[in-house]
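Trainee: Could you take me through one part of this structure up close? I'd like to see how the inside is put together.

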Amino acid sequence: MKRLLITGAAGGVGRAMRPRLRDMAQTLRLADMLPITDADTHEETVLCDLNDAQAVREMVRGCDGILHLGGKSTEGDFETILEGNIRGLYNLYEAARAEGITRVLFASSNHTIGFYEQDQRLKTTDPMRPDSLYGVSKCFGEALASMYHDKFGIETAIVRIGSCFETPANHRMLSTWLSYDDFADLVACVFRAPKLGCPVIWGASANPAGWWESVGAEAIGWHPKDSSEIFRAQIEAMGPKPPADDPNSRYQGGLFTVEPIHQRQGGT
């Protein structure tokens, strides 16, 4: 590719992807609401609020593909989620359609299915059971990506990311962990595939304790290599697994299942 756009590039995952994806395109366009001050010679930066349709149109112009990590990445009040994850994603797909961009990786989330219990093994075809307003926004995003594929031919890899961090941080993440290297390999497979379509892909490494069937996207050649098991002793040394009725031990979405409905300051 000549230019790959990474939204949410100032976030933790965005920062981790930058050095790992430097060979994916001649130029990485890094976009975020926060300024990025450490751009390398092969990188360019854009300040953009996803809620601003014109700014989003300018952000995507001249790009060959989009790695969409932007938006609200945790639970929050509805207005914030509406702006970043619902209206913001609509703005992104409309801009992609208008600019002729036909390949996107959409960072969805395990919180689209967070109310399934941890003893249930899921396929991507199982009904959604979101655990939060954040999870609902990702359900919307998956539906929007599907519609733009069927109606306009924009191919999207819908990646339901589990827990993408340098290392797993707790017992639950032994099942949901996605290593930075595995995610970068997935990104490369998505943008190199001759044909993508609009698949839903479980974004998890090769964790023996995983809950999701077929975490690999064999059709595009992705086979995760890392495993959370090498961290099991470290996690267990931190303390015992929470009791069975604790959300972190019962539900796949963990603590998101007990998040309240947040109100924007001054709201009702």
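Trainee: Leaving aside its neighbours within four places in sequence, which residues is Ile220 in contact with?

Mentor: Keep in mind that this is a predicted model. Once you set aside neighbours within four places in sequence, Ile220 is in contact with Leu186, Cys189, Val190, Ala193, Lys195, Leu196 and Ile201. Now step back to the core around it. The largest nonpolar core has 36 residues, and Ile220 is one of those that touch the most other members, along with Leu21, Leu105 and Phe183. Strands S1 (3–7), S2 (27–32), S5 (103–109) and S6 (155–161) each put at least two residues into this core, and so do helices H1 (12–20) and H6 (180–192). H6 is the top contributor, giving nine residues. There's also a second, separate core, made of 23 residues, with Leu5, Val56, Ile101 and Tyr148 among them.

Look at H1 next. Its buried residues are Gly14, Ala16, Met17 and Arg18, and the cover over them includes S2, strand S3 (43–47) and H6.

H1 and S2 turn up again at the largest pocket, where each gives two or more residues to the lining, as do helix H3 (78–99), S5, helix H4 (133–152) and strand S7 (163–164). That pocket holds about 1,100 Å³ of space. Of the 46 residues lining it, Leu69, Lys72, Ser73, Thr74 and Tyr134 lie nearest the centre. By type, the lining splits into 21 polar, 18 nonpolar and seven charged residues.

Key
Residues numbered from 1 in each chain as written. Predicted model: local features only at pLDDT ≥ 70, side-chain atom pairs only at ≥ 80, totals over all residues. Heavy atoms only, no water. Core = buried A, V, L, I, M, F, W, Y, C linked by side-chain atoms within 4.5 Å. Buried < 20%, exposed > 50% of the residue type's maximum accessible area, 1.4 Å probe, protein only. Helix = DSSP H or I, 4+ residues; strand = E, 2+ residues; numbered from the N terminus. Contact = heavy atoms within 4.5 Å. 1 Å grid on protein atoms, 1.4 Å probe; cavity = no way out; pocket = protein on both sides within 12 Å on 5 of 7 lines; lining within 4 Å. Points joined across faces, edges and corners; volume = space filled by probe spheres on them. Nonpolar A, V, L, I, M, F, W, Y, C, P; charged D, E, K, R; others polar.
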